[in-house]
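This briefing goes with the sequence and model shown here.

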Amino acid sequence: MTHYFPFAPMAAPRPRFGKRTYMPKGYVQWKAAVRTFWGMPAPTKEPVGLAILLDEIPWKRLKGDCDNYAKSIMDALEGLAYENDRQVRLLEIAFRPAKQAGFTVIVTPMSTTPGSKAQGIGTPP
């Protein structure tokens with residue numbers, strides 16, 4: 001299943017410490033926006049392959065490392081696309097130039113049959 005999110009991706013921030021440990025408010029709001037835009041079927045219990053395409057506006061480059069973007073997107077999709085992000089067995093992520101910030105997520109069920117492959121960014125259909 002493929003889903004496009006029409007807003008900028010967010011790199012996973014570090015937790016904040018005070019009287020309690022918490023995540024920054026902007027990150028919590030961003031994760032809520034991902035959940036609002038998801039609107040797909042119930043999460044799978046099977047292993048999945050995950051491909052993430054980050055749309056980057058050339059004059060306004062994304063500042064985080066690709067693994068930090070992957071972490072935030074994987075965390076946001078937990079309970080939506082899959083029950084736990086430990087189910088992600090193949091992860092591909094790429095930046096691509098675009099006129100508008102956004103990102104695309106492709107979730108592909110992976111067969112548990114030996115020799116099978118998930119289809120991702122670099123795999124022909």
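The points below go from the whole chain to its sheet, its helices, a few single residues and the pocket.

The model is predicted. The chain holds two helices and six strands, and its elements follow the order β-β-β-α-β-α-β-β from the N terminus on. Four of the strands form an open sheet in the order S1-S6-S4-S5, with mixed pairing.

**Whole chain**

- The chain has 125 residues, of which 35% count as buried.
- Of the contacts between residues at least 6 apart in sequence, 80% join residues that are at least 24 apart.

**The sheet**

- Within the order S1-S6-S4-S5, the edges are strand S1 (2-5) and strand S5 (88-97), each of which pairs on one side only.
- From one strand to the next, the twist averages 15°.
- Strand S6 (residues 102-109) runs antiparallel to S1, and four bridges join the two.
- Across this pairing, threonine 2 stands opposite isoleucine 106 in S6, while phenylalanine 5 has phenylalanine 103 in S6 as its bridge partner.
- S6 is also joined to S4 by eight bridges, and these two strands run antiparallel as well.
- In that pairing, leucine 53 has threonine 104 of S6 as its bridge partner.
- Six of the eight residues of S6 are buried, so this strand is largely enclosed by the rest of the structure.

**Faces of strand S1**

- In a regular strand, side chains alternate between the two faces of the sheet.
- S1 has His3 and Phe5 on its covered face, and Thr2 and Tyr4 on its uncovered face.

**Helices on the sheet**

- Helix H1 (residues 25-38) lies across S1 and S6, and runs at about 130° to S1.
- Helix H2 (residues 66-77) lies across S1, strand S4 (48-56), S5 and S6, and runs at about 120° to S5.

**Histidine 3**

- Neighbours within four places in sequence aside, histidine 3 is in contact with Phe37, Trp38, Met40, Phe103, Thr104 and Val105.
- One of these contacts, threonine 104, is 101 residues away from histidine 3 in sequence but 5.7 Å away in space, C-alpha to C-alpha.
- Threonine 104 is also the S6 bridge partner of leucine 53.

**Lysine 71**

- Lysine 71 belongs to helix H2.
- The relative accessible area of lysine 71 is 44%, so this residue counts as partly exposed, between the cut-offs of 20% and 50%.
- Between the C-alpha atoms of lysine 71 and methionine 10 there are 9.5 Å, with a separation of 61 residues in sequence.

**Asparagine 84**

- Asparagine 84 sits in the loop between H2 and S5.
- With a relative accessibility of 23%, asparagine 84 counts as partly exposed, because the value is not under the 20% required for buried.
- Asparagine 84 and proline 47 are 37 residues apart in sequence, and their C-alpha atoms are 9.7 Å apart in space.

**The largest pocket**

- The volume of the largest pocket is about 190 Å³.
- Which residues line the largest pocket? The lining consists of Ala8, Pro9, Asp55, Glu56, Ile57, Lys60, Arg61, Leu62, Lys63, Tyr69 and Ala101.
- By class, the lining of the largest pocket has six nonpolar residues, no polar ones and five charged ones.
- Rolling a probe the size of a water molecule over the atoms shows where empty space is left.

Terms used
Residues are numbered from 1 along each chain as its sequence is written. This is a predicted model: local features need pLDDT of at least 70, side-chain atom pairs count only at pLDDT 80 or more; totals for chains, interfaces and linings use all residues. Side-chain values use heavy atoms; hydrogens and water are left out. Two strands pair if DSSP finds at least two bridges between them. Axes are lines fitted to C-alpha atoms, for helices over the stretch in contact, and angles run from 0 to 180 degrees between N-to-C directions. Contact means heavy atoms within 4.5 Å. Buried means under 20% relative accessible area, exposed over 50%, partly exposed in between (1.4 Å probe, protein chains only). On a 1 Å grid over the protein atoms alone, a cavity is a set of points where a 1.4 Å probe fits but cannot get out, and a pocket is an open set with protein on both sides within 12 Å along at least five of seven lines; lining residues have an atom within 4 Å of a point. Grid points are joined across faces, edges and corners, and a volume is the space filled by probe spheres set on the points. Ala, Val, Leu, Ile, Met, Phe, Trp, Tyr, Cys and Pro count as nonpolar, Asp, Glu, Lys and Arg as charged, and the others, Gly among them, as polar.
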